[in-house]
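Subject: Structure for you to look at

Dear colleague,

Here is the structure I promised to pass on, together with its sequence. My notes on what was found in it follow below, and I would be glad if you read them with the structure open beside you.

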Amino acid sequence: MHHLRSAIRRSAACLLLLAMLAPLSGCLAVAAATATGLIVAYTKGDTEAVVEDDIAGATAVAKKTLAELGYSVIQTEPDGVEQLVTARTPTDKRIRVTISPADNPRHVEIAARVETFGDSAISGEIIARMLDAYRN
């Protein structure tokens, strides 16, 4: 089931990237995709991104980002090959950041979800701040 979910996530992320790059010429599109090195998508309540890091490094970035945003990190736990970081907002909404291996062994997928059905504003801010940490 995990492989199917990962395949769906990757497909959605790739489609989003292709849609954004479609208006660009071929070489410019490849350069833009290569220069960013990042793919971000919002699917079914999760905001997701792919970054160049390992699971331990991305977990540290997730915990630091959540703390900087004023969220209380309450648990960090391995879940098979994934790492889960659970936090709470000041209004007690549960946030889960999942870090899992990507197809490229030098990359990981990060996904943020708020509560059961998602909150794109909060999860988008978490992913955006994590990506900012990688750019700096």
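Lys64 and Glu68 both belong to helix H3, where they stand 4 residues apart, about one turn of the helix. Their side chains meet in a salt bridge, with 3.6 Å from N to O, and both Lys64 and Glu68 are exposed. Please keep in mind that this is a predicted model, and that the search of the whole structure finds 5 salt bridges, of which I describe some here. As a general point, side chains of opposite charge can pair when their charged atoms come close.

Arg129 counts as partly exposed because its relative accessibility is 37%, and Glu125 is partly exposed because its relative accessible area is 33%, a value between the 20% and 50% limits. Asp132 forms a salt bridge with Arg135, the closest N and O atoms being 3.1 Å apart; these two residues are 3 apart in helix H4, so about one helical turn separates them. Asp132 has a relative accessible area of 35% and is therefore partly exposed, whereas Arg135, at 56%, is exposed.

The C-alpha atoms of Glu125 and Ala112, which are 13 residues apart along the chain, are separated by 9.5 Å.

What does Ile95 contact, once its neighbours within four places in sequence are left aside? Ile95 is in contact with Leu66, Tyr71, Val85, Thr86, Ala87, Thr89, Arg113, Val114, Ile122 and Ile126.

As for the strands, E3 (residues 72–79) pairs with E4 in the antiparallel sense, over 7 bridges, and within this pairing Ser72 has Arg88 in E4 as its bridge partner. E3 and E4 form a hairpin with 2 residues between them, and in the turn Gly80 has a positive phi of about 70°.

Finally, a word on confidence. The mean pLDDT of the chain is 78, with 68% of its residues reaching 70 or more. Over residues 14–18 pLDDT stays under 50, and the model has 4 contacts beyond four places in sequence for them; over residues 21–38 pLDDT also stays under 50, and there the model has 11 such contacts. Where pLDDT is low, the predicted coordinates should not be read in detail.

Key:
Residues are numbered from 1 along each chain as its sequence is written. This is a predicted model: local features need pLDDT of at least 70, side-chain atom pairs count only at pLDDT 80 or more; totals for chains, interfaces and linings use all residues. Side-chain values use heavy atoms; hydrogens and water are left out. Contact means heavy atoms within 4.5 Å. Two strands pair if DSSP finds at least two bridges between them. pLDDT is the predictor's confidence in each residue, from 0 to 100. Buried means under 20% relative accessible area, exposed over 50%, partly exposed in between (1.4 Å probe, protein chains only). A salt bridge is a side-chain nitrogen of Lys or Arg within 4 Å of a carboxyl oxygen of Asp or Glu.
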